[in-house]
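My entries follow in the order in which I looked things up.

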Amino acid sequence: MMATLYTGGTIRTMTAPDATVEALLTDDRGHIVFAGDLEQARDRARSMVTVGARHPEERDLAGACLMPGFIDSHSHFAGMGQRLTDADLAGCADFAEIGTRLKTFLAAHPLPAGGVLHGFNYDQNELAEGVHPDRHVLDALLGDVPTVIAHVSGHVIICNTALLKLIGLDLEQAEVPAGGVYGRDDNGELNGYFAETPAIMPILMHPAVMPKQGIEGLVGAIQDEYASHGITTCQDGATAPGYAERFVKLAEAHTLKLDLTCYPMMGQDLDAVFDSVGSYASGGTSEGIQYLNHLRFGGVKLFVDGSPQARGAWLSEPYRPLPASAHANANASEPAGYRGAGILSDEAMRAFLDHALERGWKVMAHCNGDAASEQFLTQYTAAYRASSKPDKFDLRPVMVHCQLTRRDQYARMAAVHMIPSIFVSHCWFWGDAHIKNLGFERASRISAVRDALSYNLPFTFHTDSPIVPPDLIFAAWCAMTRVTKYGVALDQTQCVGAWEAFGAITRNAAYQYGEEARKGTLEAGKLADMTILDTDPLAVSTQPGPHDPQQDRAEAAVRVRKLHVLETIKEGTTVWTA
């Protein structure tokens, strides 16, 4: 890395809505040493002598915008390999197209002996059949090729008969694990539909099903994908069994160029995981946070429910009934008044949370439906009040996704220092599906960002990649517009402006991680984690006179939609350029 003086563009510090500086100076150790007046910056630069007796290099931004590096508050680093190695089924119109995509992929990527065909990103909401496929559908399409395809939500997989035989899962006698769902056909046999983590993970982690190309061969491409979107800090938000040691080996080999925080998922011996990673375990409190070779283990992941687009989110009020045409499919059978369901009992969750607080672990809890939000908030509050740990207030637990979190629930979060991380891209990707499943009134207030803002909560945005690409600029645009893929405007009172939207992926996200002292804004002493954009997303209208807030927001949204990342800089070193 080289000490650099940046000038000649807009430098957005993100310390206040209108805060810009003329120049920013970094040292050769990856830190910002000055942000302010250009002449003062040049004076400071002339007084600096770096390694090799070189003075800082002055760099002209040529009118571009320098901002803090973006921080993804929830994604799945290891899962991003799926976007690089599996057949992409996004946008398939029907079962036949799923078959065509899989066959085309198989022809281009022949399976090795004993290999399994993997597909991802199908969405039953976009299929003409209106339901999930099952093993019989895949059998007809792929024959004896062992095949597993994942729903776009990541909460459902479909396996064909050949794959179930490969892993030895008995079609008649297989017992459903607690919190999981096994679909069955009219004969009582497994129909290949599996939902929620307890049911899915044993299949996907089976040695015969695991992809032949592991994270080790994909880590460079995965990081490039994040960095291409201006991201300098990313997350493995549900580290699966066996992956903790693999991440440590990657760090020891110095293959990580972005900061990566891992949250081992429930369902494994978490004490053993944290004991095994040694110095990479970095607590949940700000005093204990550190990265070693760009890696740390920052807490644990709890699953509370499923996804709303797959009708697995746990709601306090029922889903709208499925159309009559869907009930011929076994995967679509739902009891009257169906509301989804939770994964853990109150007692099991409380025990999990008591232990997490005792160990000083931050908890990341997947909550989509309002009933899930209620269970987590209630049980965490009880565990928090019962805990005698003096630093419990600094753990900052995170409610992840918050699709249907209610206003009264946001109102109670601050008391336990809880942070809502909102999957606001749902508005565009699945707003239309939510309208179908929930009705317009309920669907219209998904991702209720303004409610979180009204309670002064430091909300963040995430991408849940590989569910959608790791594009936080697009997430900011979704928060500013709240428009669905088919052009329906959702509750516009929940929109926020560019300052709030970009704050969610910079300063608020740094706070969520407990890293606000060194990330999230461009200030002296902080890491030189930065992104260069072709346009300033926070620029206000240049028209004279008083501004119309709605017009300003609309103009800003247009600019944001057209933004391009030109360069991503991690600790003073360029890690990606367009």
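Entry 1. I am working from a predicted model, and I began with the lining of the largest pocket, to which helix H2 (82-85), strand S10 (117-122), strand S11 (147-151), helix H6 (197-204), strand S15 (231-239), helix H8 (243-252) and strand S18 (299-303) each supply at least two residues. I noted a volume of about 970 Å³ for the largest pocket, and among its 46 lining residues I found Ala 78, Gly 79, Gln 82, Met 201 and Leu 204 to be the closest to its centre. I then sorted the lining by residue class, which gave 23 nonpolar, 18 polar and 5 charged residues.

Entry 2. For the second largest cavity I recorded about 40 Å³, with Arg 518, Lys 519 and Asp 529 among the residues that line it, and a division into 3 nonpolar, 4 polar and 3 charged.

Entry 3. I turned to the largest nonpolar core, which has 107 residues, and found that Phe 376, Phe 461 and Phe 502 touch the most other members. Helix H16 (residues 472-481) gives the largest share of this core, 9 residues. I also noted a second, separate core of 21 residues, with Ile 98, Leu 142, Ile 158 and Tyr 193 included.

Entry 4. Leaving aside residues up to four places away in sequence, I looked up the contacts of Phe 376, among them Leu 302, Met 349, Cys 367, Pro 397 and Met 418.

Terms used: Residues are numbered from 1 along each chain as its sequence is written. This is a predicted model: local features need pLDDT of at least 70, side-chain atom pairs count only at pLDDT 80 or more; totals for chains, interfaces and linings use all residues. Side-chain values use heavy atoms; hydrogens and water are left out. On a 1 Å grid over the protein atoms alone, a cavity is a set of points where a 1.4 Å probe fits but cannot get out, and a pocket is an open set with protein on both sides within 12 Å along at least five of seven lines; lining residues have an atom within 4 Å of a point. Grid points are joined across faces, edges and corners, and a volume is the space filled by probe spheres set on the points. Helices (H or I, at least four residues) and strands (E, at least two) are DSSP runs, numbered from the N terminus. Ala, Val, Leu, Ile, Met, Phe, Trp, Tyr, Cys and Pro count as nonpolar, Asp, Glu, Lys and Arg as charged, and the others, Gly among them, as polar. A nonpolar core is a set of buried Ala, Val, Leu, Ile, Met, Phe, Trp, Tyr and Cys residues joined through side-chain atoms within 4.5 Å. Buried means under 20% relative accessible area, exposed over 50%, partly exposed in between (1.4 Å probe, protein chains only). Contact means heavy atoms within 4.5 Å.
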